[in-house]
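Please open the model in a viewer and keep the sequence panel at hand.

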Amino acid sequence: MVKNRYIARINCLQPIPCNPCETSCPFGAIYIGEDITNRPILDLEKCKGCGICVAACPGIAITMAMITGDAKDFVSIPYEYLPLPLVGDTVVLVDTNGVDLGEGLVEKLNRPNKKDPTTLVYVSVDNTITDRAVGIKRKVASIVDVIEVVNRIEIVDPIICRCEEIRESEIIEGIKKGDRTVEAIKRRTRSGMGLCQGKTCNRLIAGIIARESGISVGEQAPSSKRPPVGVISIREMSEE
Amino acid sequence: MINTELLIIGGGPAGLAAAIAAGKYGVKAIVVDENPLPGGQLFKQIHKFFGSKEHKAGTRGNIIGQQLLIEVEKVGAQVMLNTRAFGIFDDNIVGIVSGGKSEKVVAKKIILATGASENALAFKGSTLPGVMTAGAAQTFINVHRVLPGRRVIMIGTGNVGLITSYQLMQAGAEVVAVVEAAPNVGGYDVHANKLRRAGVPIYLGHIVIEAFGDSEVCGAVIAPVDEKFQPDLTRSFTIECDTICFAVGLTPRIELAQMAEASTTFIGALGGHLPLHDNRLKIGKNIFAAGDIAGVEEASTAMEEGRLAGVVAAMDLGKLSEDDGNVEIELINERLSKLRSGQFGLKRAVAKLEIIKQYDELLGRINNGEE
């Protein structure tokens, strides 16, 4: 085991197309290769614990640890929330599920990429939690009060087409009468003929047709489109 | 009337990348965008992108947006903002509305880069104030720097839902629940882990069945579902919130492609109904589709598709030789296939091939006089 220096610990378990850890490492310590969905492989000997890959990883999936052999180890954890902890602060370390592991003392802050705000927080921790400490509990600015509901409104029949205020029951009524396309519902109810031209409701209506009639969204013909896309005034249209 | 060699509709990652790629070979493009700012969704994507170096991996979306705008200016493309392309008519004529009046644009080549719009959900109370799409919440916090609320319930665990939840916490909100109907997280584990480390509960196999409140949303009723997604109301519970976000997928904005008489197909993995295109993103003789309109993926892929359409447009316009163009196309296709690999990307790679296959079959039928 490498002792008394920081070593990267990579917690990247899925084959996602990504390799900034490999290309950012100045020491060639991380290997991914041609196929960028390969999982990174770390060369412990080459890793100098500089933290550049930690700040470069889009997934915040790399931390660092220094094993000392004493009661106190050190971990370095990327942190992207404000306010940042300060040197000398006590922070709570968490595991990968956000479970509290106990406190640690902030020893140092570092931003390996000065142009980017991702900050590495170096923390001394009890050696019993070194392996599991991958996060720092976020400081919550203030406790948010729950809004007290005075007159609870239950909207039983939601509006589907907001522009023309067409409710779900009206669409279901149309389906009962034989409508099987968004176009047919539009002709019956005016749904999709308002300001947004169906951008919100067309997909919802297709979903309701699928649910009520069994004809999947993919089997339904898309609604036809004519100019204008979106709303423009007649004045705009007529002035050249 | 405006005459141009290349009109690009949509100034997001695909549209801007197309303008740059074509502009490098001397094509003077016009980019129109209905929004007051260019960049599409890039400027609210303040997270670091995946991919490799040539995809600008590790760089935040808003920074990539700035870089694209500098390059657009360098190649001399004209970007018309607050400008809506309202229709495509015969002979490559596009109607636009800009500055209170309409104008005809006659373009030799047209690239549609209109993107996609977010899907909504409908349940009891889904129209209460405070219920919005994840993209709307992202615009609030990352573009306007305004918190839409303090206690957020996110519906959907695709990357949009996971990333937006993280960013809402970075902006100072609490994410009190992430609700997912499916039994698994849809997006990348690394994104979900950011939420797990922050102690955000992720309710898999659950749906929101009701939002309630008086003048605004004050809470949601959540229930577990069976394998047919039917909720078990006897096990429902309530979580208080002041914001509910939908991150339940996107639908390609294909209206202009439909007006250009492109044939469409339905591919669920790519967002829904899509225009058929050939292996160079052509949906018609002089018209291309690039980015989310040609299948919902992500911004890095959209940029590569924009480049592909831009290069092919430059070749068609005689600004770039077949040989040189083909070399460029090969490089773009290599980068695209890298982005479409792995357990998440492969489905999209297969779906994109399906679009091209259907296009070729249609072309075959037309050539045989069958259609």
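Helices (H or I, at least four residues) and strands (E, at least two) are DSSP runs, numbered from the N terminus. The model is a predicted one, in which local features need pLDDT of at least 70 and side-chain atom pairs count only at pLDDT 80 or more, while totals for chains, interfaces and linings use all residues. Residues are numbered from 1 along each chain as its sequence is written, and chains are lettered from A and ligands numbered from 1 in the order in which they are written.

Next, select helix 3 itself, residues 134-143 of chain B. Its buried residues are B:Ala134, B:Ala137, B:Gln138, B:Phe140, B:Ile141 and B:Asn142. A residue is buried if 20 or more other C-beta atoms, placed from the backbone, lie within 10 Å of its own, exposed if 12 or fewer, and partly exposed in between. Looking down the axis of helix 3 of chain B, one finds the buried residues within an arc of 165°, so they line one face of the helix; the arc is that of the directions from the helix axis to the C-beta atoms. That face packs against strand 8 (131-133), strand 9 (151-155), helix 4 (159-170) and strand 15 (243-246) of chain B. Here, contact requires C-beta atoms, placed from the backbone, within 7 Å of each other.

Move on to helix 4 of chain B, which is mostly covered, with 11 of its 12 residues buried. Among them are B:Asn159, B:Ile163, B:Tyr166 and B:Met169. The cover includes helix 3, strand 9, strand 10 (174-180), helix 5 (189-197) and strand 15 of chain B. Just after helix 4 of chain B, B:Gly172 takes a positive phi of about 110°.

Now display both chains. How many residues of chain B are in contact with chain A? There are 67, and they meet 62 residues of chain A. Helix 5 of chain B supplies the largest share of the chain B side, 7 residues.

Leaving aside neighbours within four places in sequence, the contacts of B:Ile111 include B:Leu6, B:Gly15, B:Ala309 and B:Ala313.

Turn to chain A and select A:Ala56, in helix 2 (residues 52-56). A:Ala56 counts as buried because 24 C-beta neighbours lie inside 10 Å. Beyond four places in sequence, A:Ala56 is in contact with A:Pro20, A:Cys21, A:Ser24, A:Asn113 and B:Gly58.

Finally, display the open sheet of chain A, whose 7 strands are paired antiparallel in the order 1-4-5-8-7-6-9. Its edge strands, strand 1 (7-10) and strand 9 (135-136) of chain A, each pair on one side only. Two strands pair if DSSP finds at least two bridges between them; strand 1 and strand 4 (residues 62-66) of chain A are joined by 4 bridges. To end, select A:Ala8 and its bridge partner in strand 4 of chain A, A:Met64.

Notes
Contact = placed C-beta atoms within 7 Å.
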